Amino acid sequence: MDDKVIATLKQKASAARSNAYAPYSRFHVGAALVTEDGQIFSGCNVENAAYPEGVCAEAGAISAMVAAGGDCKIASIMVMGKGPTPCLPCGGCRQKIREFATSRTCVLVVDEDGALLFKDDLHALLPSSFGPENLEIEVEGKSA
Ligand code: THU
């Protein structure tokens, strides 16, 4: 991936992270993704007094991508938490990314200063996964 795209993802993830609503955990997370058609979307974690209703930063970025239309194929997604331990996507987010992933989708994790802590394909984080293809059915000659 282009250095310019990485720099933009860092900037967008950082801006989103600065708006995180995390009064309960105080763990601020930002995420930014780039689609295969070059669009960039970001999100932050939004917690809730009813704790399980909180949503992760990755989910926010994915919602923004879907709401904008477009090809919705994630080329790369970056997560910015707080170092030194990489803020890897939780299990639920791995599956949410999987929905819009390709065989090449890359996950990058950076610290709050943008230092790269982790980089690998989604497949390494979610092997043998279940995805939309598993539900493909033929309806009147069209895929559902
Ligand atoms: N969180 C994210 O937003 N993304 C991750 O990849 C891991 C965790 C959030 C959820 C919660 O608001 C806080 O971090 C602490 O778990």
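Guide: Reading from the N terminus, the elements of the protein chain go α-β-β-α-β-α-β-β-α-β-β, which makes 4 helices and 7 strands. Do keep in mind that this is a predicted model. The radius of gyration of the protein chain is 15 Å, close to the 15 Å that the globule rule gives for 144 residues, so the chain is as compact as a globular protein of that length. If you follow the C-alpha trace along its principal axes, it spans about 50 × 40 × 30 Å.

Now for the spot you asked about. The ligand takes up the space of the largest pocket. Around the ligand you'll find Ser-25, Phe-27, Val-29, Asn-45, Glu-47, Cys-56, Ala-57, Glu-58, Cys-87, Leu-88, Pro-89 and Cys-90. Sort that shell by class and you get 8 nonpolar, 2 polar and 2 charged residues.

Let's go in at the level of atoms. Glu-47 has a polar side-chain atom 2.6 Å from an oxygen atom of the ligand. Asn-45 also brings in a polar side-chain atom, which lies 2.9 Å from a ligand oxygen. With Leu-88, it's the backbone that takes part: one of its polar backbone atoms is 3.4 Å from an oxygen atom of the ligand. As for cover, the ligand on its own has 370 Å² of accessible area, and the protein covers 76% of that.

While you're here, have a look at two loops. Arg-26 is in the loop between helix H1 (3–17) and strand S1 (30–35). Its phi is near 60°, a positive value in a residue other than glycine. The other loop, between strand S3 (74–80) and helix H3 (91–99), is where you'll find Pro-84. The peptide bond leading from Gly-83 to Pro-84 is cis, with omega near 5°. Why point these two out? Because most residues other than glycine have a negative phi, and most peptide bonds are trans.

Technical notes: Residues are numbered from 1 along each chain as its sequence is written. This is a predicted model: local features need pLDDT of at least 70, side-chain atom pairs count only at pLDDT 80 or more; totals for chains, interfaces and linings use all residues. Side-chain values use heavy atoms; hydrogens and water are left out. A residue is near a molecule or strand if one of its heavy atoms lies within 4 Å of it. A polar contact is a pair of N or O atoms within 3.5 Å; within protein, one must be able to donate a hydrogen and the other to accept it, and residues adjacent in sequence count only if both atoms are side-chain atoms. Accessible areas come from the Shrake-Rupley method with a 1.4 Å probe; for residues, only the protein chains shown count as cover. On a 1 Å grid over the protein atoms alone, a cavity is a set of points where a 1.4 Å probe fits but cannot get out, and a pocket is an open set with protein on both sides within 12 Å along at least five of seven lines; lining residues have an atom within 4 Å of a point. A molecule sits in a cavity or pocket if more than half of its atoms lie within 2 Å of its grid points. Ala, Val, Leu, Ile, Met, Phe, Trp, Tyr, Cys and Pro count as nonpolar, Asp, Glu, Lys and Arg as charged, and the others, Gly among them, as polar. The radius of gyration is taken over C-alpha atoms; the globule rule is 2.2 Å times the number of residues to the power 0.38.
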